[in-house]
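Subject: Structure for you to look at

Hello,

Here is the structure I promised to pass on. Please open it alongside this note, and then read on for what turned up in it.

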Amino acid sequence: MASGGVKTRAVAAEAVDAVVTHGKSLDAAIAEHEDRVAPDDRPLLRMLCYGSLRHHWQLREWIDRLLQRPLKRRDRVINSLLAVGLLQISDTRIPDHAAVSQTVEAARQLRRPKLAGLVNACLRRFQRESLAADPSTSEEAQWNHPQWLIDQTKRDWPDDWQAVLAANNERAPMWLRVNSAMSTVDEYRQELAAADIEAEGNEGLPDALRLAEPCSVDSLPGFVDGRVTVQDGAAQLAAEWLLHGQAHKRVLDACAAPGGKSGHLLEKGGASLELTALDNDASRVVSIAENLARLGQHATIVTADASKPEEWWDGKPFDGILLDAPCSATGVIRRHPDIKLLRRPSDIQNLSRLQRDLLEALWSVLAANGRLLYATCSALAAENDRVVRGFLDTHDDAQEIDVLPNNNIRDLMRRKVCGYQILPGTAQLDGFYYACLEKKAP
């Protein structure tokens with residue numbers, strides 16, 4: 001019977017292969033395979049999967065140098081196993097002898113016993129020739145991004161592209177949102193300290209705490225009771241911004257799943273806020289209800305396509321709309337490194353059209369003097385300021401509100417032609433774009 005370490009490496013290779021070869025999301029691949037791994041070994045499984053995809057292009061370059069000829073299609077999982085092995089040697093504290101021996105045994109676990117010798121030879125040659133010290137031969141391997149995304153980032157952020165790409169390859173920190181209806185950030189930080197959990201706040205984010213080290217939600221005081229939620233600090237700006245200085249009564253969260261921003265809107269808006277949380281994915285709508293139930297909050301939850309109001313709108317205009325639009329998610333690559341492999345340039349064009357369609361449709365259900373906050377977790381101009389600029393150019397009744405929730409966040413954001421961008425890694429935040437639009441009264 002294979003040891004836990006051997007099985008974990010074999011399962012990691014299968015999960016990575018599901019992404020690289022079959023185009024599955026990493027979350028789906030891990031969910032499909034992780035029940036075969038003991039609970040104590042699952043953190044290692046995730047580390048190997050995330051790391052192998054985070055460093056995919058560098059690992060692939062090494063593998064191409066180590067293999068005399070490409071593996072047969074049916075054996076491509078061994079490419080992913082080699083990536084898992086090379087990652088351990090080059091980027092973890094796992095002893096080399098354990099990394100090599102257990103990765104070699106994993107080839108047998110993957111029913112490729114004849115390739116175990118090949119895996120052993122490749123890993124030992126990598127050690128012997130110190131290939132990790134050799135400079136990368138391509139931009140893709142140097143930055144661990146596909147060339148199209150490197151080029152697009154250079155065009156959009158000519159002074160910051162290197163910092164953006166480097167930040168995308170970092171491990172993401174764990175941010176919390178303290179439920180302001182139940183506690184203050186200072187009070188909750190004291191509770192964390194009592195539980196030996198170190199956290200730090202940010203003056204621009206009144207409900208946010210960033211943990212020094214990630215931990216299980218089961219370790220967080222009051223998590224089950226809704227006193228705290230896991231949510232990146234940049235995402236927490238949505239509720240602050242939409243409700244800032246406004247007496248909103250009727251609000252729509254147009255692409256609401258899994259419900260994090262809906263919960264924050266209700267926490268900040270109080271009892272007078274009437275929230276409709278809408279999403280077109282029936283399976284993800286369930287998560288909205290679960291998250292709001294944990295917070296003790298209520299909203300009208302609707303499964304529908306936000307771009308087709310005729311199918312779901314009751315005819316009463318909304319005072320405020322949050323459009324957290326579907327996007328490339330290029331601002332959250334550090335949390336989802338599979339994005340680098342799964343996205344294509346054509347996706348950006350298709351998404352920008354969808355984003356514009358959503359803006360057009362939702363503008364029709366916004367009340368006069370109402371406010372629409374357009375948000376994405378993208379760092380690409382094609383999905384952000386270009387979408388908003390195009391919309392403003394064709395809508396005389398729309399104007400941008402150049403007012404931020406507080407002055408402290410100005411240092412976190414870059415002013416664009418329209419809206420504001422938080423670049424990935426700024427103050428250890430995810431990449432997010434926001435533009436706040438107001439509908440002029442006729």
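First, a definition: helices here are DSSP runs of H or I with at least four residues, strands are runs of E with at least two, and both are numbered from the N terminus. Please also keep in mind that this is a predicted model.

**The second largest pocket**

Start with the second largest pocket. About 610 Å³ of space lies in it. Its lining has 30 residues, and Val20, His56, Arg60, Arg76 and Asn79 are the closest to its centre. Which of them gives the largest share of the lining? H4 does, with six residues. By class, 14 lining residues are nonpolar, six are polar and ten are charged.

Helix H5 also holds Ser80. This serine has 4% relative accessibility, so Ser80 counts as buried; the cut-off for buried is under 20%. Leaving aside residues up to four places away in sequence, Ser80 touches Ala13, Val16 and Asp17.

**The cavity**

The structure holds one cavity of 30 Å³ or more. The largest cavity has about 50 Å³ of space. Leu149, Thr153, Trp157, Val164, Asn168, Thr330, Ile333, Ala379 and Leu380 line it. Helix H9 (147–156) and helix H10 (161–168) are the elements that give two or more residues to that lining. What is the class make-up of the lining? Six residues are nonpolar, three are polar and none is charged.

**Strands around S8**

Next, strand S8, residues 318–324. Six of its seven residues are buried, so to speak mostly covered. Strand S5 (residues 250–253) runs parallel to S8, and three bridges join them. In that pairing, Val251 stands opposite Gly320 of S8. Strand S9 (residues 366–376) also runs parallel to S8, with six bridges between the two. There, Leu323 stands opposite Tyr374 of S9.

**Strands around S1**

Strand S1 covers residues 175–178. Is it buried or exposed? Trp175, Leu176, Arg177 and Val178 are all buried. Trp175 and Arg177 point one way from the strand, while Leu176 and Val178 point the other way.

S1 has two antiparallel pairings to check. One is with strand S3 (residues 205–211), over three bridges. In S3, Arg210 is the bridge partner of Trp175. The other is with strand S4 (residues 228–230), again over three bridges. In S4, Val230 is the bridge partner of Leu176.

**Helix H13**

Helix H13, residues 260–269, is mostly covered: seven of its ten residues are buried. They are Lys261, Ser262, Gly263, His264, Leu265, Leu266 and Glu267. Note that Lys261 and Glu267 are on this buried list. Just after H13, Gly270 takes a positive phi of about 75°.

**Tyr420**

Last, a single residue. Tyr420 sits in strand S12 (residues 420–422). Its relative accessible area is 4%, so Tyr420 is buried. What does Tyr420 touch, not counting residues up to four places away in sequence? Its contacts are Trp241, Glu400, Asp402, Leu404, Arg410, Met413, Arg414, Arg415, Phe432, Tyr433 and Tyr434. Ala435 is 15 residues from Tyr420 along the chain, yet their C-alpha atoms are separated by 6.4 Å.

That is the handover.

Best wishes

Conventions:
Residues numbered from 1 in each chain as written. Predicted model: local features only at pLDDT ≥ 70, side-chain atom pairs only at ≥ 80, totals over all residues. Heavy atoms only, no water. 1 Å grid on protein atoms, 1.4 Å probe; cavity = no way out; pocket = protein on both sides within 12 Å on 5 of 7 lines; lining within 4 Å. Points joined across faces, edges and corners; volume = space filled by probe spheres on them. Nonpolar A, V, L, I, M, F, W, Y, C, P; charged D, E, K, R; others polar. Buried < 20%, exposed > 50% of the residue type's maximum accessible area, 1.4 Å probe, protein only. Pairing = 2+ DSSP bridges. Contact = heavy atoms within 4.5 Å.
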